[in-house]
Amino acid sequence: MFYKVIACEIAFRELCYAAAKSRNLVDFDFLTQGYHDIPATGRTEIQKRIAAVPAGKYDAILLGYGLCSNILIGLTTAHTPLVIPRAHDCITFFLGSKERYRECFDARPGTYYYTSGWLECARRRGSSGPIWGGASLPAGANAGLKATYEQWAQKYGEDQAKYLLEEMSRWTESYSHGTLIDFDFVKHLKLQEQVRQICAERGWRYDEIPGDLGLLHKLLDGDWAESDFLVVRPGQRVVATNDERVIGAEQAPPDGPAAK
């Protein structure tokens, strides 16, 4: 099979690894991480990428996104089936299933999870330093908050901008643990050292759990059980189900725009 994958760069290494193990041919289109902070913009960008896929070229379009602040809601496909994992957010991709994600969350809700993507995305965009490296802000907010910080610095000066940024970074108060989702194929990156340092700076306890790429392997292998994946047919659009299925599909209106 020949698949087009439109995905967040947060899963760059994991998706490339899964593609290397798959029998299928894959074309990747990675989008900058952080769109779930501005979901309307992200939804428009994802829909634009879907619309740009030529008719008849691919057997399916695969999305490397979870529901992520409802970024998927309203997406449509004109001619090629769209396949989406049933996931509330991308942490599900690294834990292997929405069921395991729920088990981990219920066992310890005050946990912030790290993977190579969470630690590398800011660097990939040219950011550096502890503020933009994931130690002080949620990784998903880096791009938007950096732009905001720069605007504040121009308007109020560096000192006031830093103060405002510190106030916004109080999200860390709701967390007590930093957990690295560990994979053998990225051990050479020494992610443990980075996450240990972040946890020490935040006053969190550090631990690790083994990752599971089963869901991503199934996505690229075409093993789309209904319990794990939604297949959106041409003329349908994505909706939130607000239940264990996470997302569903319904007939799109005649003009087919993405819902807002």
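This report covers the fold content, a helix pair, the cysteines and selected loop residues of a predicted model.

## Overall content

The protein chain has 260 residues, and 49% of them are buried. Its secondary structure consists of nine helices and 10 strands.

The accessible surface of the protein chain is about 12,500 Å². Carbon and sulfur atoms contribute 49% of that surface. Among contacts in the chain with a separation of 6 or more, 65% join residues 24 or more positions apart.

## Helices α1 and α9

Helix α1 spans residues 12-21 and helix α9 spans residues 214-221. The two pack with their axes 9 Å apart and at an angle of about 55°. An angle of that value makes α1 oblique to α9, and α1 passes α9 in a right-handed crossing.

On the α1 side, the contact is made by Glu14, Leu15, Tyr17, Ala18, Ala19 and Lys21. On the α9 side, Leu216, His217 and Leu220 take part.

## Helix α5

Helix α5 covers residues 116-124. Seven of its nine residues are buried, so α5 is largely enclosed by the rest of the structure.

The buried residues of α5 are Ser116, Gly117, Trp118, Leu119, Glu120, Cys121 and Ala122. Two of these residues return below: Cys121 as the cysteine whose sulfur is closest to that of Cys8, and Ser116 as a residue 9.9 Å from Lys187, C-alpha to C-alpha.

## Cysteines

Zero disulfides are found in a search of the whole structure. The cut-off for a disulfide is a pair of cysteine sulfur atoms within 2.5 Å. For Cys8, the closest cysteine sulfur belongs to Cys121 and is 5.9 Å away, which is too far for a bond. Cys8 has a relative accessible area of 9% and is therefore buried.

The sulfur of Cys68 has its closest cysteine sulfur in Cys90, at 5.8 Å, and this is also too far for a bond. Cys68 counts as buried because its relative accessibility is 12%, the limit for buried being under 20%.

## Loop residues with positive phi

Cys68 is not a glycine, yet it has a positive phi of about 40°. Cys68 is placed in the loop between β3 (60-64) and β4 (82-85).

Val246 is not a glycine either, and its phi is positive at about 75°. The loop that holds Val246 runs between β9 (236-240) and β10 (247-251). With a relative accessibility of 2%, Val246 counts as buried.

## Lys187

Lys187 is in the loop between β6 (177-182) and α8 (191-202). Its relative accessibility is 38%, so Lys187 counts as partly exposed; that class lies between the limits of under 20% for buried and over 50% for exposed.

Leaving aside residues up to four places away in sequence, Lys187 touches Asp182 and Gln192. Lys187 and Ser116 are 71 residues apart in sequence, while their C-alpha atoms are 9.9 Å apart in space. Ser116 is one of the buried residues of α5, whereas Lys187 is partly exposed.

Terms used:
Residues are numbered from 1 along each chain as its sequence is written. This is a predicted model: local features need pLDDT of at least 70, side-chain atom pairs count only at pLDDT 80 or more; totals for chains, interfaces and linings use all residues. Side-chain values use heavy atoms; hydrogens and water are left out. Buried means under 20% relative accessible area, exposed over 50%, partly exposed in between (1.4 Å probe, protein chains only). Helices (H or I, at least four residues) and strands (E, at least two) are DSSP runs, numbered from the N terminus. Contact means heavy atoms within 4.5 Å. Accessible areas come from the Shrake-Rupley method with a 1.4 Å probe; for residues, only the protein chains shown count as cover. Axes are lines fitted to C-alpha atoms, for helices over the stretch in contact, and angles run from 0 to 180 degrees between N-to-C directions. Angles under 35 degrees count as roughly parallel, over 145 as roughly antiparallel, 65 to 115 as roughly perpendicular and the rest as oblique. A crossing is left-handed if the near helix is turned anticlockwise from the far one by less than a right angle, and right-handed if clockwise.
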